[in-house]
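Take a walk through this structure, one chain at a time. Keep the sequence and the 3D view side by side.

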Amino acid sequence: MLTTYTISVFTTNTVGLLNRITIIFTRRRLNIECLTVSETERKGVSRFTIVIRNENREFVEKLVRQIRKITDVLAVFGYLDDEIVFNEIALFKIATPLHGESIDVKTINLDWNAKVVHWGLEYVVVEKNGTEDEIHEFYTYLKKWEILEYIKSGRVAVGKTEKGLVAYLPEEGNWEIV
Amino acid sequence: MGQTQSDQPTLLTGAQAIMQSLVEQGVTTIFGYPGGAIMPTYDALYDYQDQLHHILVRHEQGAGHAAQGYARMLNKAGVCMVTSGPGATNLITPIADAMLDSTPLVCIVGQVRGNLLGTDAFQECDVIGMSMPVTKWNYQVVDANEIPEIMAKAFYIAETGRPGPVLIDITRTAQSDKMTIPFEYKPIKSLVSYKPRIEPKAEHVEAAAKLINAAKKPYILAGHGVLISGAEQELNDFVDKTGIPVATTLLGMSAMDADHPLYVGWPGMHGNYGANVLTNSCDVLIAIGMRFDDRITGDLASYAKQAKVVHIEIDPSEVDKNVKADAPVIGDAKSALKALLPLVNKNEHTEWRNEFKKYDAEEYEKIDKKDIFHDGDKIKMGEAVHMLSNKTKGEAVVVTDVGQHQMVTNRYYRFKKRNSIVTSGGAGTMGFALPAAFGAKVALPEREVIAIIGDGGFQMTLQELGTIAQSGLPVKIIILNNNFLGMVRQWQELFHSRRYSFVELQNPDFITIAKGFGIDGHKVEDRAELSASLDTLLNSKTPYLLEIVCEKEGNVFPMVPAGGSVTNVRLE
């Protein structure tokens, strides 16, 4: 069975590191479902959140060790979905032509927990936060209008633990908060 | 009184900073090839010739392999310096080779001017992108001020932990610009994101000792890590105390005296019969500084399944990668063996050791005897190497290329001295031996260095005869010539119904070629003249090439067919 794994990689802020990390996936012919790179609360520390699907836990563990081996990587964690709080963000550009069916803002707000973030002349942009499944369901709902564009971000995730990032970083580093 | 002009520290150019960094790092030798984008650094080198011995190779690949041979002998980074574009791409093969065989290299590569980066400028190529999968670390320098720190970091990363190649790509402007801060070289002692574990954890060592002490049929596989960490003595002490039989991997060869009573040869595709088969009879397999390469394990599903595995390894990503470890010990081989020694019981495993002897006897009858004491008139590779081993008393540094001659050399050369093999293992790079042997000789001129090369591989880097001739160093070169790409031919014979697809070579007159480079040599075809020919080679005070014309269709046995089980060994 395919299981979703979220791999969080903490690194020093180095040019080209994304390439070095993705090579590890490419070499093993492993498709990256989504990838988010962002800064963290600690100066000079970047965070890569990579989602993959795989049948073999051992394979993922080996992958994590290979990533850890990269010289500029500070820490790596492989998570199952129940070990993290995670979310994605999606934007939908919906056509609202003059005499067409207008969108139901109330339902979008209350039932779908989404919001219109931009009103154009003959379109609106709707933003929806949620898990991949929630966003997918919302997509199905919106299909009754013409979807001009749809975009979804990669996953962002934090571990379900009381510990902060700095607890996992090498002790001697100067992990100044930003 | 105000400071006068002369009190100001002189500011170095980036190129001078590279040179000064090398000197302060203790580097004495550079293998290199100049070109446009590295010219400012070569200009600076002109003033550093007293401190930095630069060797001009004939092709950048030669620089890389020579630096590898040098590094393997001294266990410190070999340095090569090349220009951008093709200079850099020619270095990719040695870098990949060094990555697989854990060889420390620092490659200094010129790059186009900073303002031309990414414009497809003359001799520009994305060497950072290209070398990323095959370097331990790489970095592009665009600011001269960064040079001392980056150089220090390069050496630290290349030489520590599991060693490997590091590449620094330096723009021409970063070389020619003056630094705006005074030069200061501070060797790096640790990096926050890179923490190789040298000393193993006590609980790991205890768990390993427990397994070893309970073992009835323990078996050691000693790898390159023993040579890299300089743990030959520790391995010996450990083996003498525990009485455990030891095999060495191809790269771990010479970790132990070949005549040690507990030495049982080598495992793997063309390794020894008993060393392979008994992998599946031992109850505890102790892997030291090795990575269970597929050429050693064959079919993993049937590899040592009955055994508990102790894996001593410096690179955590190697543990459980191919073979699951019951007792992993993360640390370097030397520290781990030191820590284990007091915890293991004194023991003798005479009966178990004797099991290997039964296989040895069969192997000797079916293979060795036929290779060494045959009645044919053609020279066999085995007898040539056997004779060389006897004549050099097993004390030479032997550098091999890749193929049949490589396997034969490791079968028949009886290594007596530590750290005496240089071979391309993981990458299997043909053309490796000639430049690598040269590099080894530069590192240790007092030792006899012998390159053993096939006729195919020799023609891949033979231009380095020019480098050897120019240096005058007496590198001894043996070509085992069978006019075939022998290993491929062997596979085609055994697995492709003798359909010899593009493996026969029309060879040049190798001796004339050598003489053209100013290197003396001769060709031997007659078995009766083999001994005298080897004497001539060994007695030469200058570089010498001996071409030994060998039986054309000789095969290397034993053989574990690719992907087969280690118990399924073909002896003929």
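Which domains does the domain assignment of chain B give? It gives domain 1 (10–176), domain 2 (202–355) and domain 3 (379–549). Bear in mind that this is a predicted model.

Look at the overall form of chain B. Its secondary structure comes to 23 helices and 17 strands. The C-alpha trace spans about 85 × 60 × 40 Å along its principal axes. A compact globule of 572 residues would have a radius of gyration near 25 Å, and chain B agrees because its own value is 25 Å. Of the 572 residues of chain B, 56% count as buried. Now take the contacts in chain B with a separation of 6 or more: residues 24 or more positions apart account for 78% of them.

Next, turn to two of the domains. The C-alpha centres of domain 2 and domain 3 of chain B lie 30 Å apart. Twelve residues of domain 2 of chain B are in contact with 14 residues of domain 3 of chain B. On the domain 2 side of this contact, six residues are nonpolar, two are polar and four are charged.

Chain A has its own division. The assignment gives domain 1 (3–84 + 156–168) and domain 2 (86–152) of chain A.

Where do the chains meet? 16 residues of chain A are in contact with 15 residues of chain B. On the chain A side, helix 1 (17–27), helix 2 (57–68) and strand 4 (73–80) each give two or more residues. By class, that side of chain A has four nonpolar, six polar and six charged residues.

Note on methods: Residues are numbered from 1 along each chain as its sequence is written. Chains are lettered from A and ligands numbered from 1 in the order in which they are written. This is a predicted model: local features need pLDDT of at least 70, side-chain atom pairs count only at pLDDT 80 or more; totals for chains, interfaces and linings use all residues. Domain bounds come from an automatic or database domain assignment. Two residues are in contact if their C-beta atoms, placed from the backbone, lie within 7 Å. Ala, Val, Leu, Ile, Met, Phe, Trp, Tyr, Cys and Pro count as nonpolar, Asp, Glu, Lys and Arg as charged, and the others, Gly among them, as polar. Helices (H or I, at least four residues) and strands (E, at least two) are DSSP runs, numbered from the N terminus. The radius of gyration is taken over C-alpha atoms; the globule rule is 2.2 Å times the number of residues to the power 0.38. A residue is buried if 20 or more other C-beta atoms lie within 10 Å of its own, exposed if 12 or fewer, and partly exposed in between; C-beta atoms are placed from the backbone.
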